[in-house]
Amino acid sequence: MQEFFKSLLWFVLGGALGGLIGWFIGKRYVEKNLEKNPPINEKMIRAMYKQMGRTPSEAQIRQTMKQMNLNK
């Protein structure tokens, strides 16, 4: 019976350690991804409007930013 609890303890410790290591690796991956591909900002929205051949007003830019933030 003692061997069973010892094995169970190692199993739980291994799972906890694996989860902790996985969390740190995942966090680092997300941070690197956000660095390479930053979330959309006002400058990008202005460029998008200009590509469509439009000159946006500040109100349109703010409205578009608001819509982008609501969809997250």
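The accessible surface of the chain comes to about 6,700 Å², and 63% of that belongs to carbon and sulfur atoms (areas come from the Shrake-Rupley method with a 1.4 Å probe, and for residues only the protein chains shown count as cover). The model is a predicted one, so to speak of local features takes a pLDDT of at least 70 and side-chain atom pairs count only at pLDDT 80 or more, while totals for chains, interfaces and linings use all residues. Residues are numbered from 1 along each chain as its sequence is written, and side-chain values use heavy atoms, with hydrogens and water left out.

Now to the overall fold. The chain has three helices and zero strands, where helices (H or I, at least four residues) and strands (E, at least two) are DSSP runs numbered from the N terminus. Read along the sequence, that gives the pattern α-α-α. The radius of gyration is 24 Å, well over the 11 Å that the globule rule gives for 72 residues, so the chain is more spread out than a compact globule; the radius is taken over C-alpha atoms, and the rule is 2.2 Å times the number of residues to the power 0.38. Along its principal axes, the C-alpha trace spans about 75 × 20 × 15 Å.

Helix 1 covers residues 2-36 and includes Phe-5, which is partly exposed with a relative accessible area of 46%. Phe-5 also belongs to a nonpolar surface patch with Met-1, Phe-4, Leu-8, Phe-11 and Val-12, which together have about 720 Å² of accessible area. Patch members have over 30% relative accessible area and no salt bridge; nonpolar side chains (Val, Leu, Ile, Met, Phe, Trp, Tyr) are joined within 5 Å, and like charges within 9 Å.

Gln-60 sits in helix 3 (residues 58-70) and is partly exposed, at 24% relative accessibility. From Gln-60 to Val-12, 48 residues apart along the chain, the C-alpha separation is 54 Å.

On to charges. The chain carries 12 positive and 5 negative side chains, and the centres of the two sets lie 8 Å apart; Lys and Arg count as positive, Asp and Glu as negative, and His and the chain ends are not counted. Each charge is placed at NZ of Lys, CZ of Arg, CG of Asp or CD of Glu. The structure holds one salt bridge, meaning a side-chain nitrogen of Lys or Arg within 4 Å of a carboxyl oxygen of Asp or Glu. Glu-58 makes it with Arg-46, the closest N and O atoms being 2.6 Å apart. This pair links distant parts of the chain, Glu-58 in helix 3 and Arg-46 in helix 2, twelve residues apart. Glu-58 is partly exposed at 39% relative accessibility, and Arg-46 is partly exposed at 29%.

Key:
Buried < 20%, exposed > 50% of the residue type's maximum accessible area, 1.4 Å probe, protein only.
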